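The structure comes first, followed by the notes.

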Amino acid sequence: MKKIFIFAISVLSSFPALAQNEIETTISADVVSQYIWRGEDCGSVSLQPTLGIGYKGLSLTAWGSVGLSEPTDAKEFDLTASYAIGNLNIGITDYWFNDPEERYFLYDAHRTSHVFEANIGYDFGVASVQWYTNFAGNDGVNKDGKRAYSSYAEVVVPFKLASVDWTATAGAVPFATDYYGTNGFAVTDLSLRATKDIKVTDSFSIPVFAQVATNPCTQKAYLVFGLTLQP
């Protein structure tokens, strides 16, 4: 289940809002060696397409993931609505997976495969912060067996080094939830990613990226490579 990839992060886990005065359309696809989301292993080699539209800070994005090497990897389809004003951004994401229930339009509280998450963040320039909380759907439970309203917070620091764009990320789960497999506050993602455009022709280049990600909570580490295809 999840959405920041190591061979492709998004991170998105959400799609950034566009602030142009004209309607902008995004069509792209990441191919990733491994699907890592917020420090969790969510699958092997994957194809992750994106379709987005943005206008004056408002963006609507569809994002998906399907395993290419392991047929048992979960299929994912996410819809995100976000809005940015100045350096502040807010958004809502509907995550859907083909497990435990394969029917997309089933929203029964105790059987749905949808997870609904709200987020808010602020970009300080040298760093940005984001907070995410599940508010409905197939969320996890806390130590008392009640809905956990599972949350995740991260700090992202972008910088440039040797003509390469770098991003350092630190993420943590603040409360106990079996959604992230934590018993309380836990650092679940410490990662470093480098991105560089590979020039193919004078008018076409392919962004490639590599990322080292670790999850101190689970004592796991990953090295991921990916590339982005876009018109």
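**Strand pairing and local backbone**

Strand 7 and strand 8 are paired in the antiparallel sense, with nine bridges between them. The model is a predicted one. Strand 8 is also joined by nine bridges to strand 9 (residues 128–137), and these two run antiparallel.

**Pairing around strand 8**

- In the pairing of strand 7 with strand 8, which is antiparallel, G91 stands opposite N119 of strand 8.
- On the strand 9 side, I120 has W131 opposite it.
- The hairpin of strand 8 and strand 9 has four residues between the strands, and G125 in this hairpin takes a positive phi near 95°.
- In a regular strand, side chains alternate between the two faces of the sheet.

**A cis peptide bond**

- The peptide bond from D99 to P100 is cis, and its omega is near 10°.
- P100 belongs to the loop that links strand 7 (88–97) to strand 8 (114–123).
- Most peptide bonds are trans, and most residues other than glycine have a negative phi.

- S163 is not a glycine, yet its phi is positive, at about 65°.
- The position of S163 is in the loop between strand 10 (151–161) and strand 11 (164–173).
- S163 counts as exposed because its relative accessibility is 57%, and the cut-off for exposed is over 50%.
- Q219 is not a glycine either, and it has a positive phi of about 65°.
- The loop that holds Q219 runs between strand 13 (204–215) and strand 14 (220–229).
- Q219 has a relative accessible area of 68%, so it is exposed.

**T80, a buried residue in strand 6**

- Where is T80 found? T80 is part of strand 6, which spans residues 76–85.
- Is T80 buried or exposed? T80 is buried because its relative accessibility is 6%, and the limit for buried is under 20%.
- The side chain of T80 makes a polar contact with the side chain of T93, at 2.8 Å.
- T80 and S59 are 21 residues apart along the chain, and their C-alpha atoms are separated by 8.0 Å.

Methods:
Residues are numbered from 1 along each chain as its sequence is written. This is a predicted model: local features need pLDDT of at least 70, side-chain atom pairs count only at pLDDT 80 or more; totals for chains, interfaces and linings use all residues. Side-chain values use heavy atoms; hydrogens and water are left out. Buried means under 20% relative accessible area, exposed over 50%, partly exposed in between (1.4 Å probe, protein chains only). A polar contact is a pair of N or O atoms within 3.5 Å; within protein, one must be able to donate a hydrogen and the other to accept it, and residues adjacent in sequence count only if both atoms are side-chain atoms. Two strands pair if DSSP finds at least two bridges between them.
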